[in-house]
Amino acid sequence: MNKEPLFHISKRGAVPWYAAWAIRGCAVLLALIVCALITTLVTGENPISVYVTIFNGTFGSPRRMWVTFQNVAILLCISLAVTPAFRMRFWNIGGEGQTLIGCLASAACMILLRDALPGWAIICCMIVSSIVAGAIWGGIPAFFKARWGTNETLFTLMMNYIATQLVAFFCVVWESPKGSGQIGIINQKTELGWLPVIGGQRYLLNILVVAVLTVVMYIYLNYSKHGYEISVVGESERTARYVGIKVDRVIMRTMLLSGGICGIAGLLLVGSTDHTLTTTLAGGNGFTAVMVSWLAKFNPIWMILTSFLLAFLSKGAGEISKAFALNQSFSDILTGVILFFIIGSEFFINYRIHFRHGKKEG
Amino acid sequence: MENRVPAVELRHITKRFGPVVANRDVSMAIRRGEILALLGENGSGKTTLMNMLSGIYYPDEGQILIDGKEVVIRAPKDAFELGIGMIHQHFKLVDVLSAAENIVLGMKGKLDLNGAIERINAICQQYGFEVDPRQKIYDMSVSQKQTVEIVKVLYRGADILILDEPTAVLTPQEADKLFNVLRNMRDDGKAIVIITHKMHEVESLSDRVAVLRAGEYIGDMLTAETNAQEMTNMMVGHSVTLNINRPEPVDPRPRLEVRDLTVRNEDGILKLDGVSFTANAGEILGIAGISGSGQKELLEAIAGLQPTERGDIEYIENDGARERLIGKDPLKIQEMGVVLSFVPEDRLGMGLVGNMDLNDNMMLRSFRKGRSLFTDRKTPHQVAEHVVHDLDVATPSLSTPVRRLSGGNVQKVLVGREITQAPSVLMTAYAVRGLDINSSYVIYDLINRQKAAGVAVIYVGEDLDVLVELADRILVLCGGKVSGIVDGRKTNKRELGLMMTRIGGMRHE
């Protein structure tokens with residue numbers, strides 16, 4: 001009869017921040033150890049040299065560092081975009097499409113206006129049109145949600161595919177050279193519509209724009225009336241109505257903002273980084289951004305860390321598959337293990353596990 | 001009686017939630033053929049203790065003995081096998097299934113619905129339940145649903161029954177019926193535990209009373225040998241007065257006039273039908289009625305949250321000027337300069353945001369003030385400090401999410417915020433539901449102070465004992481219609497109970 005369970009789980013109260021971060025730190029450490037074990041067992045490679053390769057692949061040279069920071073900047077930008085929607089419990093997983101449509105708008109300005117306007121005017125048009133395009137792409141699902149209560153997750157997801165197909169279509173329309181089905185570097189000779197290079201560093205502009213955006217978003221979400229309304233709507237629509245917040249209007253406004261910032265990401269990609277348009281330009285960052293935002297608990301400042309972590313992981317993972325001639329899938333396994341531990345650590349922050357006591361006499 | 005082996009014995013039970021100790025070293029016994037009332041203030045650990053018996057929580061320390069044998073209850077399944085059944089405050093029934101289907105749901109073996117119905121009828125006959133096993137749950141009243149829950153645990157062979165605040169949702173007549181059934185069950189030799197706040201229920205129903213205070217077991221006594229005052233003192237830890245004040249209204253004048261108000265809900269069902277009344281400043285208008293008789297729709301319609309079909313709601317200024325409230329949303333009403341405070345029934349789902357801390361919750365009403373793009377955090381912080389201090393809110397800090405507070409403290413925060421607005425109309429829905437005696441009296445006192453300050457108070461209540469002691473006039477709703485408006489000083493519980501179930505009754509006005 002005396003079968004006390006082997007362990008039982010109880011909820012913790014509030015955990016001090018240092019304990020929470022200690023638990024998260026342990027999780028990352030454990031993840032690295034497990035990854036090392038898997039690497040050695042499966043491939044026979046020395047795990048230390050694998051980690052060194054990951055690190056070198058990301059920070060090995062100034063150029064690589066700049067590329068890494070550029071990747072982080074774009075990922076962070078899209079993450080910042082989806083975060084206000086997430087705080088509102090509006091699951092915008094259409095960051096990919098909203099970014100792509102921003103790319104398309106920028107590219108369209110560069111191609112269609114290059115004979116009509118001077119460079120600075122083209123850039124102005126690009127800024128406006130990419131933001132508007134992204135906002136429209138985010139606004140459509142919001143409108144349907146606010147008006148008819150449609151499911152935003154499916155809606156935003158589907159909008160991604162429409163955006164991809166639109167881009168594919170215009171890639172053919174604007175193909176260069178003819179018959180290639182691709183748009184090469186746009187305005188390569190004239191550099192019309194290319195965003196200016198600051199301090200001789202190609203990527204510095206993107207990084208600065210996103211840095212400013214991060215701070216602004218943090219302040220907007222935490223200190224502005226709009227940010228407060230977003231939180232209230234997210235926590236409870238009934239409470240929001242009770243205090244006279246117009247829920248529909250907040251949903252629309254927030255999604256226009258969300259889509260608009262995705263449009264900025266698209267602008268930076270086309271105008272500053274790649275100067276071209278392809279269907280894979282957003283590179284899955286629209287989906288990774290969901291993870292970045294969640295891992296940081298929707299806090300823009302923590303998102304700098306988490307976007308860095310995820311960009312680092314994917315970059316490093318790609319690097320080892322090259323350096324050790326391993327399949328790309330192997331790097332996915334390592335990324336998966338690390339994410340599993342990081343997400344799993346949240347359980348241990350919220351719950352405590354009690355093991356069976358040695359003695360039972362009271 | 002004392003020398004029999006108790007049905008349940010708890011020995012040195014301790015349960016912690018993080019740093020909070022919900023139960024500390026509790027030892028007590030539950031006996032067969034006895035109704036035990038478990039008394040205690042909010043957060044005193046009554047429900048936690050009983051949840052450990054029914055397998056929802058697992059104790060950190062201590063032992064549980066059933067019929068003298070030590071047992072381990074890891075899951076509700078274990079509790080069922082030991083014959084322990086708990087009836088929770090929130091029913092766990094599938095709406096689209098019939099009573100019988102709900103009762104046999106999840107049981108092992110072949111499904112024999114007809115056999116089950118026979119057994120259910122036998123159980124009903126034995127104890128005096130009134131259930132139609134074939135009736136669908138969505139067709140049932142709250143009291144019928146509760147009966148199904150009780151029959152369900154009996155059907156599964158429970159002989160130790162735990163009821164968590166069973167009368168909170170019942171009319172006095174329904175509660176009496178339930179008590180008769182419980183007495184029959186006791187006479188049949190079952191062990192019954194009832195968790196409650198209402199003293200008169202304890203006195204009329206239970207054989208023995210056990211008192212918990214702040215998670216600790218204070219003691220038990222025979223009901224016959226004690227009285228409400230002594231029990232209350234034990235619960236609270238010091239003596240309290242049990243009388244509700246009802247000062248005479250000072251200079252009552254019409255403040256809010258509702259005429260022919262008719263409301264349909266989203267499904268097109270008529271919830272309010274031609275409701276007319278006037279609420280006076282400096283007066284408490286009580287609203288009585290079986291739950292779901294239109295109380296919620298009435299208050300929400302006045303607050304501008306509920307679309308109306310017909311009728312008029314007018315706010316009357318001190319100088320007699322009238323302004324229409326109907327068709328305006330809360331924001332417009334606020335912009336008109338009418339300060340309307342509303343303490344809704346659903347505190348954490350509507351009145352407050354559970355995941356936000358006290359400061360941010362105070363901000364809900366005031367965050368729009370000023371032209372700045374940014375929120376003013378200083379004033380809400382000061383308001384929070386005042387509310388915590390004035391109403392004696394027990395909270396670890398002002399930055400604690402309100403969902404972590406106990407029910408009574410959540411309500412103090414909500415009422416405190418609404419009163420800070422200096423309202424001219426205060427509406428409260430079930431302001432003391434689930435609150436212990438001490439907190440309830442704090443709330444009554446606050447409401448009385450608002451009345452003295454010339455606020456028109458609309459108090460929707462379920463405890464008729466309180467309504468007849470607190471309210472100046474009582475409006476009784478019955479199925480969305482006004483069954484009558486009576487003078488609170490001249491009416492009684494019986495009269496109200498009859499008016500709640502049937503349109504009519506005498507009008508004192």
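This is a predicted model: local features need pLDDT of at least 70, side-chain atom pairs count only at pLDDT 80 or more; totals for chains, interfaces and linings use all residues.
Two strands count as paired if DSSP finds at least two bridges between them.

**A six-stranded sheet in chain B**

Strand S17 (residues 425–429) and strand S18 (residues 456–460) of chain B pair in the parallel sense, over five bridges. Thr428(B), for instance, has Tyr459(B) in S18(B) as its bridge partner. Both strands belong to an open sheet of six strands in chain B, ordered S16-S17-S18-S13-S19-S20, with mixed pairing. At the edges stand S16 (340–343) and S20 (481–487) of chain B; each has a single partner strand, so one side of each is left without a neighbour in the sheet. On average, neighbouring strands of this sheet are turned by 15° against each other, direction ignored.

| Helix | Strands it lies across | Angle |
|---|---|---|
| H9(B), residues 295–303 | S13, S16, S17, S18 and S19 of chain B | about 150° to S17(B) |
| H15(B), residues 437–452 | S13, S17 and S18 of chain B | about 150° to S18(B) |

**Domains of chain B**

How is chain B divided into domains? Domain 1 covers 8–236, domain 2 is made of 253–339 + 425–431 + 457–509, and domain 3 covers 345–421. The centres of domain 1 and domain 3 of chain B, taken over C-alpha atoms, are 34 Å apart.

**Where the chains touch**

The contact between the chains takes 36 residues from chain B and 25 residues from chain A. On the chain B side, at least two residues each come from strands S1 (8–17), S4 (61–66) and S5 (69–71), and from helices H10 (330–335), H11 (347–351) and H12 (358–366). Sorted by class, the side of chain B that touches chain A has 19 nonpolar, nine polar and eight charged residues.

**A helix pair in chain A**

Now over to chain A. Two packed helices are described by the angle between their axes and the distance between the axes. Helix H3 (residues 62–87) and helix H10 (residues 247–274) of chain A pack at an angle of about 165°, with their axes 6 Å apart. That makes H3(A) roughly antiparallel to H10(A), since angles over 145 degrees count as such. The crossing of H3(A) and H10(A) is left-handed.

Which residues of H3(A) and H10(A) meet? From H3(A) they include Gln70(A), Ile74(A), Cys77(A) and Ile78(A), and from H10(A) they include Ile261(A), Cys262(A), Leu268(A) and Thr273(A). The residues of this contact divide into 16 nonpolar, four polar and no charged.

Note on methods. Residues are numbered from 1 along each chain as its sequence is written. Chains are lettered from A and ligands numbered from 1 in the order in which they are written. Helices (H or I, at least four residues) and strands (E, at least two) are DSSP runs, numbered from the N terminus. Axes are lines fitted to C-alpha atoms, for helices over the stretch in contact, and angles run from 0 to 180 degrees between N-to-C directions. Two residues are in contact if their C-beta atoms, placed from the backbone, lie within 7 Å. Ala, Val, Leu, Ile, Met, Phe, Trp, Tyr, Cys and Pro count as nonpolar, Asp, Glu, Lys and Arg as charged, and the others, Gly among them, as polar. Domain bounds come from an automatic or database domain assignment. Angles under 35 degrees count as roughly parallel, over 145 as roughly antiparallel, 65 to 115 as roughly perpendicular and the rest as oblique. A crossing is left-handed if the near helix is turned anticlockwise from the far one by less than a right angle, and right-handed if clockwise.
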